[in-house]
Amino acid sequence: MSEQVGSRLDPWVDSYAQRAQGLTASAIRALFAVASRPEVVSLAGGMPYVQALDTEIFADIAARVIREQGTTALQYGSGQGDVVLREQILDIAAEVGVKSHADDVIITVGSQMGLDLVTKVFCDPGDTVLVESPSYVGALGVFRSFQCNVVHVEMDDQGLNPDALKHALATHRNVKMIYTIPSFHNPAGLTQSQQRRDEILAIAQENGVLVLEDDPYSLLGFEGEIPQAIRARDDHGVIYLGSFSKIIASGLRVGYVIAPHGAREKIVLAAESATLCPSNFSQLTISRYLAEQPWREQIKTFREIYQDRRDSLLESMQALMPAGTTWTIPSGGFYSWVTLPAGLDATNMLPRAISELVAYVPGTGFYADGQGAQSLRLSYCYPDPERIREGVRRLASVIEKEIDLIATFGVSSPNPTAPTTFNPFTNLG
Amino acid sequence: MHILVLSGGLSHERDVSLRSGRRLANSLREVLPDSVISESDVTAETLQVISMDKPDCVIPVIHGAVGEDGSLRNVLESLGIPFVGSSAQAARLAFDKGVANSLVPQENVPRFVVLPQSFFRELGANSVIDAVVSDLTFPLVVKPLTGGSALGVTFCLTRDDIPSAMVAAFGYDDHVMIQQAVTGTELAITVVERGDEAAALPPVEIVPVRGMYDYHARYTAGHTEFFTPARLTASDTQHVTDFAVSVHKVLGLRDISRTDLILDAEGNIWFIEVNVAPGMTETSLVPMAISAAGLSVGQVFGELALAATRR
């Protein structure tokens, strides 16, 4: 036999950075390819219901942006973002009590980029980031990519638990940030009370730790007052991430960061390194929309649609879910967090669910440490109420079959195909 | 010539199938610039599209059910549409691992049992597992009866590993196969009918960098090392390629197949499975074998498409 050299199909396989080691193919991620098919009721992706937008309005605005501001729209722009839009963002931020100055606003390509930039600016490899338990999968991906030590902190029915937060701060070194989604949490569907926000802020201040507040859903509440942002109480200790993705259009990819002066300077420079500048065309389109259209009315329309769908989900689950299944009751946003009967593993159950034409996101995706096997996230934002009912009917049947399977074998299964990283939003089309 | 490449569908391997279909269609366009190469997902409109467009030939690249279980091929046969690949009947035999394992020479088949989920419920899972493992030697492999890409497959080192492996496998199929695991050189051998003869292409040897050749190792470039042709003696190469051709013939397969087997240290061949719609992605085995034979994917499938139209 000769000394034959094999091929690993990638000449750079030994050259990748440590942070890229987890970026591998995943069977679970591949299963989401099926979720995009119309036969499947997808309760997986958090896709805004953009069908509720009047696309003719956007067609008209886009045409006028090009016709009247074409040389600006098609040119590079400011790394910090369009100043007019930054002024307009202050009006939206004021809805959640955030008072700021346009100089402290940085426009980003979705708030996901804001997450990336803030982490890049603050975190060295090995630094600790405290996150809720569970937490947003996209944030976990960012923290992992910067090689942060991600520590989950328990939640209760009011969100992040203050005692657990104190304990985490006392037991972990190099804590750089507390990452929190205080309103209509993704994936848990929970909302922090005002008192809870004050407690969390006080703990952060006592410990000199930055709060990174991710707030894409706060204008999408179904009842009561708009929750006030944590940043409303502290301009210096909180960096605020906002987004137009859930309240106008996710496809335009416009989000924003509101940061204290010193951090803002660094974030702008980091943003310029990453993208030079956000899309002028998208910014001008959003800006005109905000200037010309009754955007608060549009958000009200979204709220009504999502509330109707939330109700459909909760009623269906109440009627159909097998005993032992529990779920959170969101008062806004897109998600409910479902806990399965003991012994069931949502990741292992997913292939069966896909076979039965219903999709969800397994809970393990919302943890950096392998927790969440017994949980899953359901999104009610995209399918209409009738489809949601059908999806829950299918899911309830899948759960019942899984209960039967587990009872037959007396165990839950291992997780041979567990993803190291996956983003359920990527493959949903 | 109008060739329609069908991929996707609703199986668990949809993502792999879509990638296979795109790659195959692009390869065909390179070698057949004057032909129309169209691509389609398998949807409720597919048969209507086929009836209206009347392609000269269909190439089904659908992995898993519908594509490999014979049903789509059955309908194409009913419509009189030529297609590349095995007949519906042969595909059905190959798709069911229990049937395929029963049809190839038994001295080449690791001992196995196939059982439905209901059987465990009726007779008691522990009793059934005890009975099954009493006749097998660990390690064992537990896998869904159908489907590919190693989805739902678990290696079991002890009796305690079996129940959870069952739960994982039953997520993909309502029957499981419990089979004696075999160690040795893992090989994939593509058989192609060019002209009148079925001939094997150079075997591909698969060496996962870490652990088993699971989904992650299959579709992440860099996580598996491939040797094409496999590092075999001439006689072993002859031995395994003859075996793959015999599998192709015994099961009545047509045009192209990929037989997966293990050659153990004593030179024994152990059949694992045979695929009638093998993957054609960037990390798939058939394109490697085709390339090692000095051919191109477009060239091979272009010839097979032309042959299909003449059947």
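In the predicted model, the largest nonpolar core holds 144 residues, and the members that touch the most others within this core are A:V257, A:A359 and B:V142. The largest share of the core, nine residues, is supplied by helix α13 of chain A. The surroundings of B:V142 can be given in more detail: when residues up to four places away in sequence are not counted, B:V142 touches B:T154, B:C156, B:I162, B:A165, B:M166, B:A169, B:V176 and B:I178. Besides this core there is a second, separate one of 68 residues, which includes B:A277, B:V286, B:M288 and B:A289. In soluble globular proteins, nonpolar side chains tend to be buried together.

A further residue of chain B, B:P287, lies in helix α11, which spans residues 285-292 of that chain. B:P287 has 25 other C-beta atoms within 10 Å and is therefore buried, the cut-off for a buried residue being 20 or more. With its neighbours within four places in sequence left aside, B:P287 is in contact with B:M280 and B:V297. Between B:P287 and B:V300, which are separated by 13 residues in sequence, the distance from C-alpha to C-alpha is 10.0 Å.

The contact between the two chains draws 34 residues from chain A and 37 residues from chain B. On the side of chain B that touches chain A, two or more residues are given by each of α1 (14-31), α6 (117-123), α8, α9 (215-219) and β11 (224-227) of chain B. Of these elements, α8(B) provides the largest share, with six residues. When the residues on this side of chain B are sorted by class, 18 are nonpolar, 13 are polar and six are charged.

Helix α8 of chain B (residues 162-170) also forms a helix pair with α13 of chain A (residues 385-409), their axes coming within 9 Å and crossing at roughly 155°. Because angles over 145 degrees count as roughly antiparallel, α13(A) and α8(B) are described as roughly antiparallel to each other. The crossing in which α13(A) passes α8(B) is right-handed. At the level of residues, A:L405, A:I406 and A:F409 of α13(A) meet B:P163, B:M166, B:V167 and B:F170 of α8(B). This contact of α13(A) with α8(B) comprises seven nonpolar residues, with no polar and no charged ones. B:M166, which takes part in the meeting of the two helices, is also among the residues touched by B:V142.

Technical notes. Residues numbered from 1 in each chain as written. Chains lettered and ligands numbered in written order. Predicted model: local features only at pLDDT ≥ 70, side-chain atom pairs only at ≥ 80, totals over all residues. Axes fitted to C-alpha atoms, helices over the stretch in contact; angles between N-to-C directions. Helix = DSSP H or I, 4+ residues; strand = E, 2+ residues; numbered from the N terminus. Parallel < 35°, antiparallel > 145°, perpendicular 65-115°, else oblique. Left-handed = near helix turned anticlockwise from the far one by under 90°. Contact = placed C-beta atoms within 7 Å. Nonpolar A, V, L, I, M, F, W, Y, C, P; charged D, E, K, R; others polar. Core = buried A, V, L, I, M, F, W, Y, C linked by C-beta atoms within 7 Å. Buried ≥ 20, exposed ≤ 12 C-beta atoms within 10 Å, placed from the backbone.
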